[in-house]
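Student: Hi! I'm new to this one and would like a walk through it. Could we look at it together?

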Amino acid sequence: MKILFVLTSHDTLGDTGKKTGFWIEEFAAPYYTLLDKGVEITLATPKGGKAPVDPSSDTEDTATEDTKRFKSDTKAQELINNTNKIADMNPADFDAVFYPGGHGPLWDLANDEHSITLIETFNKLEKPISFVCHAPAALKSVKGKDGEPIVKGKKVTGFTNSEEKGVDLVDVVPFLVEDMLKANGGNYSKGDDWTEHVVTDELLITGQNPASSKLVAETLLNVLNK
């Protein structure tokens with residue numbers, strides 16, 4: 001089984017002067033969940049090369065068994081430092097795609113033409129598409145087969161407005177994931193802040209926050225194994 005992971009290339013947190021990128025747990029938990037099941041994983045970003053880590057996700061407070069494993073895994077580090085370009089990826093070569101979050105996707109993947117085309121192609125090929133936390137931002141301009149927003153009428157979740165408020169970034173981010181999914185006609189649901197919540201609608205799988213990362217990967221495996 002082959003799964004493509006798509007990460008952000010964006011490392012600047014608005015005008016704050018702080019850095020952002022992908023959230024380590026949202027990469028590491030799904031990566032090892034799938035890798036340990038024998039899945040072959042390929043990484044891609046808009047720019048290729050090194051995918052930036054969000055420094056806020058690389059602290060003692062955010063550490064998990066999976067993030068600790070990642071930090072000592074030279075092969076995983078090598079993959080992160082040498083990602084492919086999205087433009088060079090062919091959905092026909094993979095069984096599914098997974099987008100880890102972090103704030104970076106709000107700036108690049110939300111508007112990246114190659115990412116938009118990639119997701120639309122996976123959808124046309126009827127292959128699972130999965131996202132966690134801020135990664136549903138990548139669905140912002142994606143259309144379904146009917147030309148309508150891909151999330152219209154679909155059950156979805158993603159980082160909540162209240163969670164964004166909790167990290168004091170409501171006025172920094174270009175848009176709020178919850179608001180965007182609702183504006184695009186998504187049937188948005190959420191659990192309590194920072195708790196596990198994953199929603200599946202046919203081949204679209206979305207998770208609310210970092211705590212949902214592993215379950216998104218497990219759900220993706222279940223969908224693929226049906």
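**Strands, cores and a few loops**

Tutor: Happy to! Strand S1 and strand S2 (residues 40-45) run parallel and are joined by 5 bridges. Helices (H or I, at least four residues) and strands (E, at least two) are DSSP runs, numbered from the N terminus. This is a predicted model, where local features need pLDDT of at least 70 and side-chain atom pairs count only at pLDDT 80 or more, while totals for chains, interfaces and linings use all residues. Residues are numbered from 1 along each chain as its sequence is written, and side-chain values use heavy atoms, with hydrogens and water left out.

Student: Which residue stands opposite lysine 2 in S2?

Tutor: That is glutamate 40.

Student: What order do the strands of the sheet have?

Tutor: The order is S3-S2-S1-S4-S5-S9-S8, in an open sheet of 7 strands with mixed pairing. Two strands pair if DSSP finds at least two bridges between them.

Student: And which strands stand at the edges?

Tutor: Strand S3 (84-85) and strand S8 (198-201) do; each has a single partner strand, so one side of each is left without a neighbour in the sheet.

Student: Which strands does helix H1 touch?

Tutor: Helix H1 (residues 24-35) packs on the sheet and touches S1, S2, S4 and S5. The direction of H1 makes about 175° with that of S1. Axes here are lines fitted to C-alpha atoms, for helices over the stretch in contact, and angles run from 0 to 180 degrees between N-to-C directions. Contact means heavy atoms within 4.5 Å.

Student: How many residues of H1 are buried?

Tutor: 11 of its 12 residues are buried, among them Phe27, Pro30 and Leu34. Buried means under 20% relative accessible area, exposed over 50%, and partly exposed in between (1.4 Å probe, protein chains only).

Student: New topic: which residues touch the most other members of the largest nonpolar core?

Tutor: Of its 35 residues, those are Leu4, Tyr99, Leu118, Ile119 and Phe131. Helix H4 (113-124) is one of the elements that supply at least two residues of this core, and H4 gives the most, with 4 residues. A nonpolar core is a set of buried Ala, Val, Leu, Ile, Met, Phe, Trp, Tyr and Cys residues joined through side-chain atoms within 4.5 Å.

Student: What does a second, separate core include?

Tutor: That core of 29 residues includes Phe5, Ala217, Leu220 and Val223. Alanine 217 sits in helix H7 and is buried at a relative accessible area of 1%. Leaving aside neighbours within four places in sequence, alanine 217 is in contact with Pro30, Thr33 and Leu34.

Student: Where does serine 212 lie?

Tutor: Serine 212 is in the loop between strand S9 (204-207) and helix H7 (213-224), and it is buried, with a relative accessible area of 0%.

Student: Which side chain does serine 212 join in a polar contact?

Tutor: The side chain of asparagine 209, at 2.8 Å. A polar contact is a pair of N or O atoms within 3.5 Å; within protein, one must be able to donate a hydrogen and the other to accept it, and residues adjacent in sequence count only if both atoms are side-chain atoms.

Student: Last one: is aspartate 168 buried or exposed?

Tutor: Aspartate 168 counts as exposed, at 65% relative accessibility. Its phi is near 60°, a positive value in a residue other than glycine. Cysteine 133 has a positive phi too, of about 65°, but cysteine 133 is buried, at 2% relative accessible area.
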